[in-house]
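Here is a walk through one structure. Start at a ligand, then move to a pair of helices.

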Amino acid sequence: MTSTLPADLVVIGWGKGGKTLAAKAAAAGRRVVMVERDEAMVGGACINVACIPTKALVHSAAERRPEDDPETYLAESLRRRDSLVEQLNAANRAMLEGNAHVTVVMGEAEFVGPRRVSVGAGGERLEIDAAAVVINTGSAPRPGGVPGADLPHVHDSISIQRIDHLPGRLVVVGAGAVGLEFAEMFAGFGSDVTLLSRGAALAGEDDDVRASVLSALADSGITVVDGVEVTEVTAATVETTGGSFEADTVLFAIGRVPAVPAGLEAAGVDVDERGFIVVDDSLRTSAENVWAVGDVNGGPQFTYISLDDYRIVGSQLLGDGGRSRTDRLAVPTTTFVTPPLSSVGLTERQARERGLNVRVAAKPVARLAMVPRPKTLGETRGIAKVVVDADTDQVLGFAHHGVDSQEVVNLVALAMRTGITASELRDGIWVHLSSTELLNELLAALA
Ligand SMILES: Cc1cc2nc3c(=O)[nH]c(=O)nc-3n(C[C@H](O)[C@H](O)[C@H](O)COP(=O)(O)OP(=O)(O)OC[C@H]3O[C@@H](n4cnc5c(N)ncnc54)[C@H](O)[C@@H]3O)c2cc1C
Ligand SMILES: NC(=O)c1ccc[n+]([C@@H]2O[C@H](COP(=O)([O-])OP(=O)(O)OC[C@H]3O[C@@H](n4cnc5c(N)ncnc54)[C@H](O)[C@@H]3O)[C@@H](O)[C@H]2O)c1
């Protein structure tokens, strides 16, 4: 039997942008349907299997003391992670299930026509007829794609979080954010970690910043091998173009592929050559009144971008339609190695390649004499670097490998977005002790 449910808005996938939009649209009195296929993913990837659980584990790993038994410590850390995820999952569920304007439908959504979404199996189907559809179905780890990649000791970023023992020798393939963070995490828990990179790891960073991060990874006991391509995984090794590496556990961290719902053709929604949904700057798909937000639209894969995607679609459905992707300036990023690496804007190399007239300052964190916070925390590794336009005094780029960098970079990003000059940041009154203080000293050293 097929039943039909009319709706003002159907959101497919409980990701960051979609759940925020669902709540706001419901608050505005719209009839909203949220479709999610997986109980364990209520609230989306970030809270269940991505940002939050991994950051909790990176933190636990960094806090392990030499006297802690590695296996027991890992088990306790995983339990703490589970309890945190359980709380967040429940809070997310309550946010929409408790809302009189929202119908939550658990099941795999597929399109059966323009703005017509079907959920269910066999004879029992629900068809949702919606005035507007938002696709927020996220992405999935890219499979290893070499012989042996399906062996039981070979993991992706999700399955490795379910591991019930500490790997002895872990080989991580891929030196992006996922590879770096899991390498740091398992090295901290006590595994012997080798990170394999097909190019040079952290090649996008300036040489001084790259050297700083590589040195900290080496301190953590991580062996980084550049320029190798994996050809096969066996029961005990990872075979590459640059030799064989012993491994009892392997993690492929080689990017993510889009998770699109079935039936896109019936809906008139186009995808690009990589399978991501094609959108314009307003996140409209090729189908009328169908939008795509989050990882699935091929934009930068961050939770805060999915949230910004909500703002863009929300402005069209609930506001003046004034926001678009073109408003997205100076997006900061952080990779949660220890200490964290954060950056925004251009590197020095990029700025010089563009022929810009630049002033640059770079200082190791340990040599920031007027910034005592890292010393009080006992973590003085890292570097801070800023690139400024010599003609306009605008900050072009900032990189910070050091404690609190995920906070400092947000402030610099705001300055870049709003036109606050390098001199204003240099002369800012910042809390003593804070890591923000480094802006006083770093920007005074511009050459
Ligand atoms: C290990 C890891 C760590 C990360 N750490 C960070 C971090 O620290 N900071 C950060 O900003 N970003 C981080 N990211 C990236 C971030 O997790 C993603 O960019 C973000 O979660 C994407 O959210 P989304 O809105 O696209 O949807 P998602 O959160 O991916 O949600 C999509 C939902 O759709 C559901 N779904 C899919 N298909 C269907 C269907 N057909 N029918 C019904 N439901 C469906 C899924 O079950 C899922 O719940 C990390 C990613 C990984 C892998
Ligand atoms: N702290 C954060 O914000 C955070 C943390 C984790 C993940 N993420 C997001 O999740 C997304 C996925 O992360 P990721 O690290 O998997 O992807 P990524 O694209 O950042 O890095 C993947 C790396 O694997 C390499 N690679 C690709 N195919 C390969 C192959 N066949 N063999 C060897 N190497 C290969 C790529 O060259 C790249 O260096 C990223 O876009 C990232 O933004 C963010």
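Helix α5 (177–189) and strand β18 (333–335) each supply at least two residues of the shell around ligand 2. The largest share comes from α5, with four residues. Helices (H or I, at least four residues) and strands (E, at least two) are DSSP runs, numbered from the N terminus. This is a predicted model: local features need pLDDT of at least 70, side-chain atom pairs count only at pLDDT 80 or more, and totals for chains, interfaces and linings use all residues. Residues are numbered from 1 along each chain as its sequence is written, while chains are lettered from A and ligands numbered from 1 in the order in which they are written.

Stay with ligand 2. Of the 20 residues around it, G174, G176, A177, V178 and Q301 come nearest. A residue is near if its C-beta atom, placed from the backbone, lies within 6 Å of the molecule. Ligand 2 lies between domain 2 (154–254) and domain 3 (333–444), because both give residues to its shell. The domain bounds come from an automatic or database domain assignment.

Now turn to the helix pair. Helix α3 (residues 51–63) and helix α4 (residues 70–97) pack at an angle of about 150°, with their axes 10 Å apart. Axes are lines fitted to C-alpha atoms over the stretch in contact, and angles run from 0 to 180 degrees between N-to-C directions. So α3 is roughly antiparallel to α4; angles under 35 degrees count as roughly parallel, over 145 as roughly antiparallel, 65 to 115 as roughly perpendicular and the rest as oblique. On the α3 side, the contact is made by I52, P53, A56, L57 and S60. Residues are in contact if their C-beta atoms, placed from the backbone, lie within 7 Å.

Notes:
Contact = placed C-beta atoms within 7 Å.
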